[in-house]
Amino acid sequence: MNSAPSPYRVIAVCTGNICRSPMAEVMLKAALEREGLDGLVEVDSAGTTGYEAGRPIDPRAARRLAAIQLASELHIAREWLPEWFRQRDLILALDIDHHAWLSEAAPDGESLGKIRMLRSFDPAMAGRDLLDQGIEDPWYGGQADFDIVWRQIHAAIPGIVDHIKAAVGSPAELQRQGS
């Protein structure tokens, strides 16, 4: 009996899971769908705190995503669960505080190796200090701050997609293997 391979699982992590991480989740899902990888990869998001748990995405983040026809109205904020270290293949921290929090909470070296700054996948940011790779919290600002967050995430998406393709293979390669 053949079973389908387990999906590659990615999670984006910020503080409250209402601004940055859900934007990254929605944007990455759309990019993976365009690449034909949506059936092979699962993407979700969480917050390092439970402050916003149960709440919808920030309306300013939803507005920015809607401007490029990406729906986010089903998002409900949730807090990180320790078992996700085992269950996720790639853990994307949105800023240095999230990276530090996740690194301290990681139960082992394997889990620690899954944690990456989201912007480390942006060629303009790769190799730079982790402090420089952070995406500032737009919650305290206005719509222009959400536009900045969108641009920062957008610049990293191709690199994340390439990383995932290297891990799971391209849809064409997988189709050839299955035939």
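The model is predicted, so local features need pLDDT of at least 70 and side-chain atom pairs count only at pLDDT 80 or more, while totals for chains, interfaces and linings use all residues. Residues are numbered from 1 along each chain as its sequence is written, and side-chain values use heavy atoms, with hydrogens and water left out.

**Aromatic rings**

- Rings of Phe, Tyr and Trp (its six-membered ring) pair if their centres lie within 6.5 Å; planes under 30 degrees apart count as stacked, over 60 as edge-to-face and the rest as tilted.
- The count of aromatic pairs by this rule is three.
- Trp-80 and Trp-84 are edge-to-face, because their ring centres are 5.6 Å apart and their planes stand at 90 degrees.
- Trp-80 also forms an edge-to-face pair with Phe-85, at 4.9 Å centre to centre and with 70 degrees between the planes.
- Trp-80 and Trp-84 are both buried, where buried means under 20% relative accessible area, exposed over 50% and partly exposed in between (1.4 Å probe, protein chains only).
- The relative accessible area of Trp-80 is 5%, and Phe-85 is buried at 2% relative accessibility.

**Charges over rings**

- A charge sits over a ring if NZ of Lys or CZ of Arg is within 6 Å of the ring centre and within 35 degrees of the ring normal.
- The charged end of Arg-64 is placed over the ring of Trp-150, 4.1 Å from its centre.
- Arg-116 lies over the face of Phe-121, 4.0 Å from the ring centre.

**Pocket and cavity**

- On a 1 Å grid over the protein atoms alone, a cavity is a set of points where a 1.4 Å probe fits but cannot get out; a pocket is an open set with protein on both sides within 12 Å along at least five of seven lines; lining residues have an atom within 4 Å of a point.
- Grid points are joined across faces, edges and corners, and a volume is the space filled by probe spheres set on the points.
- The largest pocket holds about 190 Å³ of space.
- Its lining includes Cys-14, Cys-19, Arg-20, Glu-52, Asp-137 and Trp-139.
- That lining has six nonpolar, three polar and three charged residues; Ala, Val, Leu, Ile, Met, Phe, Trp, Tyr, Cys and Pro count as nonpolar, Asp, Glu, Lys and Arg as charged, and the others, Gly among them, as polar.
- One cavity of 30 Å³ or more is found in the whole structure, and the largest cavity has a volume of about 30 Å³.
- Among the residues lining the largest cavity are Val-10, Glu-25, Val-43, Leu-118 and Ile-157.
- The elements giving two or more residues to this lining are β1 and α1 (20–34), and α1 gives the most, with three.
- The cavity lining divides into eight nonpolar residues, no polar and one charged.

- Helices (H or I, at least four residues) and strands (E, at least two) are DSSP runs, numbered from the N terminus; contact means heavy atoms within 4.5 Å.
- Tyr-8 belongs to strand β1 (residues 8–14) and is buried at 11% relative accessibility.
- Leaving aside neighbours within four places in sequence, Tyr-8 contacts residues including Leu-40, Asp-89, His-163 and Val-168.
- Arg-60 is in helix α2 (residues 59–66) and counts as buried at 18% relative accessibility.
- Beyond neighbours within four places in sequence, Arg-60 is in contact with Pro-138, Trp-139, Gly-141, Gly-142, Gln-143 and Phe-146.
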